[in-house]
Each structure stands twice: as C-alpha cells, then as structure tokens.
Amino acid sequence: MGMARVVGEDKVKLRKSFVKPWMGIKYLFKKPVTIKIPYEKMEPAPKYRGFHTLDWKKCVGCNFCGQICPARAIEMTWIEVDGKLEKRPHPKVDYGRCTFCQFCVDVCPTGALGFSESYILTTGGLDEELELYNWVPINPKKVRELNERFGDYRFPVERIEKKPDGTYIYHLRDGSKVEFKIVGYGLRPPKKPQPKPAAKPAEKKEAKAEKPAEKPAGKKEEPKAEEKKE
Amino acid sequence: MTNPEVPKELREEAKGHDMYLHPIAKDTYELFFGPQHMATENFSIILKMDGNRVEKAIVNPGFLHRGFEKLAEQRPYFTNIALLLRICVPESDVPENIYSMAVDEIVGWEVPERAVWIRTTVLEMARLSAWMFWIMGFGNEIGLYTAGQWAAAYRERFMRLFEELTGGRVYHIYTVPGGVRRDIPGDRWLRQLRDTVEYIKSKMKDFDEILFDNYITFERTEGVGVMDRRFALKHAVTGPNLRATGVPYDVRKDDPYYLYPELDFEVPVLKEGDSLARVLVRRYEMEQDLYILEQLLDMGPPSGPYMVQDARLKALPRFKPPKGDAYAHVESTKGDFGAYVVSNGTHKPYRVHVRGPSQSHGVTVLEELLKGARLADVPVILKTLDNCPPDIDR
C-alpha cells in the first residue's frame, strides 16, 4: 500500500455547475454516429467469428472439434456423396447451440474447419427455416465466393431440402446445390449388414481409447475404421 | 403514510393483506422493482414501502442463474473460457483473465511477454468500455439521457477495436491459459487504439460538463446511500465503492499482476462514502485508465510469441494440467474479481470458484443502503454500487 499514489479530495472532487451542462447543446450541430441500417451496413472485422466452413477433403474426422465444443453443438456425421461413403465423419454444427467461440477451428489439426465473416442469423420462424441452421459446413471457397457476390453476410444456404431417405439438398444462394446423404451419426462408421449398431458402448470404447490423448491415438483408430468399411 | 380519511377499522383489516387492497387503505405497501426496470438490469428488488420511503428491501436475484461453477466442472479446461466470461457481461475479459491466470499458475506456465502486454491492454480497454457502459446506465437513472447516449456511442469504438483484435464484439473469448488466441492485427490496430484513447480523452471534458459537473448529478447523489468505512470493510466491499469510503485498496497496486508494477497511475480516494463520492472516484479512474493505456502504447508490444510453446497444447481437448490449485484476482470496474481453480490431474477442473464483487454490493450492501431511502433514490444507489446481476446469480 505504501507504493500506491493515493489522491484525495483536492484532485478528485469537482465543483457543481449550473452553466456547464448547457454546453452539450453544441452536439446538436454534429453529425449523428448512428447508421441507417437498411441503407447503410456495418462491415464486420476481417476475422470476425461467423459461420463455419469445412473442407471435406481435409477433414480427418478426429472429433477434436466435438470434444472441445463448450455448447456441444457439434455432432459427427457420416456422409454419402453420390452413393460413395466419405472416409471420415464430418462435423455437423447446430447454430441453435453454437456460441461462436471458434475453439473448434483452433483445435482442428488439419485446418479443415474454418470460419467466414458471415454472421446474420435470423429466420422468419418457419419450420424449414429453423432447420436451416443445423448444417454440415461447406467448402470455404464457395462461401467466400458467395460472400463476395452478395456482400450482405447472410447464411450461405437459402433452403435445406430433406428427403425421407436421409438425403439433404442444400440450395445455396446463387442457385447451385450441394447434395449428399447422411447415413449415420457418431464416430464409428455405420454398418448396413449388421443391424446391431450399439452406438453407446462404441462411443465409450472410443473415449477410453482416446484417453491417452494426442494425435497418435486418433490416427490409430482411423485406419481401423477404414478396414472395417472395406 | 397514513391516510386520515380511511377509517381505523379498515386499516386494521388491511394488515396482512397488503397485496390485495387498494394502497390508500393501508400504511405500507409492497413494490416490485425490476427486473423490467432499466436500472436493475436483470434482477429485481421487493421494496416494502411506507409512502415514499423504503422500509425494507429484499433483493430477488436468480433470473440469470446458470450454475457456472458446476458447469465449469464438466468441461475441458480451455472450453471453460467460453462459459465463465458470461459472469460479467460489460467486462467479459475479467473472468477470462482470472481463470487463465489461475490455470497458468497451476501448470507453471511463464506467459510470454507479448501475451502479457496484450492481456494488460485488453483489461484496460475492457475497463474503459465498462465505464462507458456504466455512464450509460447511471446517466439514464438520474435523467441525463444525453450523457448515456454519448457513452454508448464511444463504447462502440472499443467494440470495433475488440472485434478486430478478437473476432467478437461483446464476448471476446480471447484470453486463454498460456497466452492469447490471436496476435495483434498489426500496427494499424495500435494506431487505431491510440486514436481512440486520444478521442475519448478529448471527450472527457464533455462528460464533465454534461454529467459530472452537472448540478443535477450533485443534487441527486450527494448524501444518498452513505456507507462508512467500517460498514464497507465488514461487508467485503471492494473496488471504487470501497475507495469512496476512504480505503485506498486497489488490486493493481496491492497485489500487482501483469504489467501493473511498471505502470504509473493514481488511486483516487474519497472519505464521504455517498453516491457522489462513488461517482467521482469512478470518473477519476476513467482518466487514469486512459493514462495507463497511453503508457502501454508508448511501451509498445514486445516481440515474441503470443502463446506458450507446449506440446500438450496440440491435443487441446485432452489437455491435463498437473494436480494443484491456484487463486488469481484482478481489479475490475466493479471491484475485486477472483477465481479459485482446483485441478485433480484430469482434463476437467475439479472445482472452479469465482469470487465476484457483486455478491456483496448487490445483495447485502444494497439491502442495507436502501433502508430509509426515497423511491427516487433507489436507482441511483443501485447504479452507483454498479453491480453485475449475472455475477450475483452465478
């Protein structure tokens, strides 16, 4: 406490004034700081934490993102594109839970998961629209292209079409489509011939195996998954 | 207040049925103050009124209860940052920093110099933006809405700076154990920060004119909600509220952390302990924070890494610190903010305890100070105590 430079009344106290408050009138002749929202827009900072992007080729399905997620918004999803199962599960992000902390992006060992500056997360309240914000992020190049084209920082997908057999069609804003089928959830690949998925014990085993932590453990498991599939 | 027109029998009958009778018919009545009232933010007070005077005040918090401390036991170490910062919304960097400091101590990490500089700067920026937020609330409570509007506009400048630095506007999720998550975006950002500091400094005069020198401020706050030194120490009051009662306690001076030992600043102290003293202490600290930021900018960020180099960080979800416990605290605009973290060697903390200033300011002290206050003074006392409802509910 001896170090502290303490200042008392003589410096801290002020004198009350009847005249000074009127000086605020000068602000009447200044420009407003507010922006007219529909006509003007606010540009987010270059690395603003917005919606995710995912390079499906780079993703190794290690589930680090799912483990670090504070809100448990990430679910690993097995995807079939054109009848061909992707080698690894990909994260599916639920923006109803996501806190946009982007720890998932930080921990991604291959840099597959990224983020864009798009941040506008609004719906009209229709049921289809509510389903919009639970998606497997798409290629960063495509998202960047859409952002450059529209420049209003909205969600890159306009509508998600869901078919009863598990096929999802993402109708992007520029009219193109991303079509794939979600075959199953979890870390283990879905097996069609054996009807005993037993998802819960499988996950437990996985967790035990991963406890020694670090990459090697994750890598060891992935080849196994491949073998089984083949 | 007794209404002489109401017959005595009716008054006798009304006792015990306060809520359901017309207020004229009884001496005292209950008033629900908040949570929709702007001054209370997110908690409410049940006031037992006698006419215009508060007879008894019962704080009614809990609207924001999320069980932070219990939730923190169920999440990996780094993930907790995204959770704990919600304890104090206007200055979310404070909970980030206390938790990170405690974990740093448990692991034994020497945080790189550059990260320390960034953390100090971020804390001071958070303090300034929290002051602006406070001016907004306080100005509104005493009817000087203009000052509040200005403060909200100036706070936006800090939000933009935070957005560039951290990627978030309100919840920065920036300080993590071992350093910070991103480097400074470049010299341009430092220049912008200096410009902002200069700008706010030039606007301090305007704030003085319209708010702090204003006779309305003096009339509304002088002699309202007085607490003496003994009372403040007994109720564990900290921060500007304690300094307004004559105790020069500032964590940045008395238990220095980060770069504060090297920085030069003054600790304002007043003896009155009333609302006016609290306001003036805050105003002076705002000036000091601007001065501290200037010094930090003159110092410049040291070169080097902004994150500790450690192999364990490669598997972040399974990061395990050694067994141990640590307590760290910083000076926030509300008071002494601290976190106690216990590690049992697993990838989740065994216990995280947060010591927030608002528990005492917003519950025990507030209830005492409101006794005998006029109804119009209730928001003034509330705002000059400057509590943070999510911290009470935790």
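Visitor: How many of the 230 residues of chain A count as buried, and what makes a residue buried?
Guide: In chain A, 25% of the 230 residues count as buried. A residue is called buried if 20 or more other C-beta atoms, placed from the backbone, lie within 10 Å of its own, exposed if 12 or fewer do, and partly exposed in between. This is a predicted model, in which local features need pLDDT of at least 70 and side-chain atom pairs count only at pLDDT 80 or more, while totals for chains, interfaces and linings use all residues. Residues are numbered from 1 along each chain as its sequence is written, and chains are lettered from A and ligands numbered from 1 in the order in which they are written.

Visitor: Why is G184(A) called partly exposed?
Guide: G184(A) has 19 other C-beta atoms within 10 Å. That value falls between the limits of 12 and 20, so G184(A) is partly exposed.

Visitor: Where does G184(A) lie, and what is it in contact with?
Guide: G184(A) lies in strand 10 (residues 177-185) of chain A; strands are DSSP runs of E of at least two residues, helices are runs of H or I of at least four, and both are numbered from the N terminus. Beyond its neighbours within four places in sequence, G184(A) is in contact with W78(A) and P190(A), contact meaning that the C-beta atoms, placed from the backbone, lie within 7 Å. Y170(A) is 14 residues from G184(A) in sequence and 18 Å from it in space, C-alpha to C-alpha.

Visitor: How do you know that strand 8 and strand 9 of chain B pair?
Guide: Two strands pair if DSSP finds at least two bridges between them. Strand 8 (residues 336-343) and strand 9 of chain B have 5 bridges, in the antiparallel sense, so they pair. V341(B) stands opposite V352(B) in strand 9.

Visitor: What joins strand 1 of chain A to strand 6 of chain B?
Guide: The two run parallel, and 3 bridges join them. R5(A) has E266(B) as its bridge partner in strand 6 of chain B.

Visitor: How many residues does the contact take from each chain?
Guide: It takes 38 residues from chain B and 38 residues from chain A. Helix 6 of chain B gives the most to the side of chain B that touches chain A, with 4 residues.

Visitor: What makes a residue on that side nonpolar, polar or charged?
Guide: Ala, Val, Leu, Ile, Met, Phe, Trp, Tyr, Cys and Pro count as nonpolar, Asp, Glu, Lys and Arg as charged, and the others, Gly among them, as polar. The side of chain B that touches chain A divides into 21 nonpolar, 5 polar and 12 charged residues.

Definitions and conventions. Two residues are in contact if their C-beta atoms, placed from the backbone, lie within 7 Å.
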